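Please have the 3D view open as you read.

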Amino acid sequence: IREPLMKTRVQLKCLEASMSQGIVTPDVYITKINLQITHDRKLGQYFKDKGDEEKSKLCLDKVAVMIAEVKELSSS
């Protein structure tokens with residue numbers, strides 16, 4: 001559990017640094033998130049079609065978090 005958490009924290013710090021330096025703009029970030037939302041929705045549907053409800057729910061929960069993040073960034 002600790003290793004994935006540390007990886008996520010490092011990725012967050014890198015993203016924050018990139019955004020503060022102007023390397024990644026909010027528009028670029030939102031575009032990338034929207035692409036990931038599309039991918040994860042398809043992946044969730046794939047798992048659902050295969051009967052793996054647990055993995056499907058995991059994908060769709062991730063999609064919900066990303067949608068909320070896009071809405072938050074769009075309203076800023």
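1. Let's begin with burial. Of the 76 residues of the protein chain, 17% count as buried. Please keep in mind that this is a predicted model.

2. Next, the fold elements. The protein chain holds three helices and zero strands, and from the N terminus on the order reads α-α-α. The chain is more spread out than a compact globule, because its radius of gyration is 14 Å, well over the 11 Å that the globule rule gives for 76 residues.

3. For the overall dimensions, look along the principal axes: the C-alpha atoms of the protein chain fill a box of roughly 45 × 30 × 15 Å.

4. Now the contacts. Among contacts in the protein chain with a separation of 6 or more, 50% are made by residues 24 or more positions apart.

5. What about charge? The protein chain carries 13 positive and 11 negative side chains. The centres of these two sets lie 2 Å apart.

6. Finally, the cysteines. How many disulfides does a search of the whole structure find? The search finds zero. As a reminder, a disulfide is a covalent bond between the sulfur atoms of two cysteines. Cys 14 has 46% relative accessibility, so it counts as partly exposed. Cys 59 has 10% relative accessibility and therefore counts as buried.

How values were computed: Residues numbered from 1 in each chain as written. Predicted model: local features only at pLDDT ≥ 70, side-chain atom pairs only at ≥ 80, totals over all residues. Heavy atoms only, no water. Helix = DSSP H or I, 4+ residues; strand = E, 2+ residues; numbered from the N terminus. Rg over C-alpha atoms; globule rule 2.2 N^0.38 Å. Buried < 20%, exposed > 50% of the residue type's maximum accessible area, 1.4 Å probe, protein only. Contact = heavy atoms within 4.5 Å. Lys, Arg positive; Asp, Glu negative; His and termini not counted. Charge placed at Lys NZ, Arg CZ, Asp CG, Glu CD. Disulfide = S-S within 2.5 Å.
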